[in-house]
Amino acid sequence: EGVGGSLKFILFLLGFCAVVVYVNYPDVIENLKSCWEYVRISGQYNHFFYNQKVLAQWLPHFDLKDTRGGWVWIIKYFMLMMPLLFPLYIAGVVYVLRRAFSPGTVLWVVLSFLPPVLAEIKGVAQYGANYFPAMFGFIMLMGYAASVFIRDPLWPRLRMWALIAAVVYGLGNGYVFANDIYPSRMATTFISRFIERQGSKDVYTFRTHPLRRNIVDHLNPRALKEITFIPIDSVAQASSGHILLPPPGTDSIYRGSNGDYNDFDDDLVLNQIIRQGKLADYAIASFKTLGSSLIWGQEEEILAYRYLMLNQFPRRDLTRAWILDAQKIQKDRGLFLPTEEDLFLYRNHVRNIGTQTRQVMYTGYQGAVGKATRLKGIAARVFKMGDPQDHLRAFVFRVDDRQPMWLPYAPNFISQPLSASAISNSPAGEGAIFTFDPPLELRKGAFSVVIYRDGKESDRDFYRVYADVLGRMEE
């Protein structure tokens, strides 16, 4: 008995380890370390705390450590994840309380909704893994409601409708699985199979794309052995064959807790193709990725909040991986030459602030001070496009003493607002002073400055800054 029990345990352990290795292959150790770090961070802070420098443009800085959507987020999450089950659950609760009210029924209802209640009492991070288990409570209550319903005198007249509801529920779940959950999770497998079927031996891909490691480097091992990936910096460099383009939009679960949420914009020709909405015209295939999924995105805390509370959903076409026809792009290359505005921005290191389209965005300045000083202001060269009516503010961050992340420098790390009315429309830009009152006490070491608007993002009314022009006004 004891030997048999030990053998069963060993076989169970081997099976468990085999599944872990299979799921995380080929980067087993790296993935397990990343998972452990994810859990460790979640236990100390929520993920908002670890990307404050970027999130400060949308969220009040003093709330970042405790940012939660509360019950509003929970209801929206359940409606997204269970658009049929959750309303049926609510109807089931009302039904059993009216038709079979008793202490036992009340206990059923309480137990069915206990997981989200306990999660809110504990104040856990709001993402899918912490709340989706509530589904089992919903199903439990629905089973109880069904047992009451089939004894109801109305059952003979309504059972056909109940059957129709069950069929619709099954078809709805099947549709979501087939069109979202499965294809997005299998992206690299589907891409690998497609390239192999095409017989491609040389495939171009971008050298500096931030999602290259998530897509290209995680294709099937056989594909990685048989295919030579040629690095390029522009689609114009590929004369023939195929180009594998990872999702142009990086605002996805791949970089949900540590990215800048900007689009890949290193290639001016590709930028034009995307702006003109022509990407699909030059594609021989495209594939949904994890970034395309509304379901998988709920497994990252920051994305789950931004999607459901701020309505910041990414453009669908920018979340797909694309295989482009290089020869066709070369043929029409003249249609996508960089505009004078594009050349001006890149040649002069001018970047956008506060646009909806997240291309050529200002990501800030990083520097260091050699000795302690008092910062009275930041001087920048800015101008406005259109007629914005809000303000700009400068934010100063420092490196945390215990871990490599940016934290607000001090309680007064945000400058006084600079009104749009005080900013010129001239592309030459004018000097603008972001003042700190009282002065910010800088100590020796690294610091970073970002500039954000405090109004609504717009592609018509926004700001631009000369990224390499920044000065400190010290006492």
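Colleague: Is G354 buried or exposed?
Modeller: G354 is buried, because its relative accessible area is 11%. Buried means under 20% relative accessible area, exposed means over 50%, and partly exposed lies in between, with a 1.4 Å probe and protein chains only. This is a predicted model, in which local features need pLDDT of at least 70, side-chain atom pairs count only at pLDDT 80 or more, and totals for chains, interfaces and linings use all residues. Residues are numbered from 1 along each chain as its sequence is written, and side-chain values use heavy atoms, with hydrogens and water left out.

Colleague: Where is the place of G354?
Modeller: G354 is in the loop between β6 (350–353) and β7 (365–369). Helices (H or I, at least four residues) and strands (E, at least two) are DSSP runs, numbered from the N terminus.

Colleague: Which residues does G354 touch?
Modeller: Leaving out residues up to four places away in sequence, G354 touches M361, R453, E457, S458 and F462. A contact means heavy atoms within 4.5 Å.

Colleague: And how far apart are G354 and P83 in space?
Modeller: They are 34 Å apart, C-alpha to C-alpha, and 271 residues apart in sequence.

Colleague: New topic. What is the span of helix α5?
Modeller: Helix α5 (residues 85–99) has 15 residues and reaches 20 Å from its first C-alpha to its last. That is close to the expected 21 Å, where the expected span is 1.5 Å times one less than the number of residues.

Colleague: Which residues of α5 are buried?
Modeller: L85, F86, Y89, G92, V93, Y95 and V96.

Colleague: What do the buried residues of α5 pack against?
Modeller: They pack against four helices: α4 (70–81), α6 (103–112), α9 (134–149) and α10 (155–185).

Colleague: Now the strands. Why is β1 largely enclosed?
Modeller: Strand β1 (residues 202–206) is largely enclosed by the rest of the structure because four of its five residues are buried.

Colleague: Which way does β1 pair with β2, parallel or antiparallel?
Modeller: β1 and β2 (residues 228–232) pair in the parallel sense, over five bridges. Two strands pair if DSSP finds at least two bridges between them. V203 has F229 as its bridge partner in β2.

Colleague: How many bridges join β1 and β3?
Modeller: Three, and β1 and β3 (residues 242–245) also pair in the parallel sense. In β3, L244 is the bridge partner of T205.

Colleague: Last one, the protein chain. How many helices and strands?
Modeller: The chain has 17 helices and 14 strands. Of its 475 residues, 44% count as buried.
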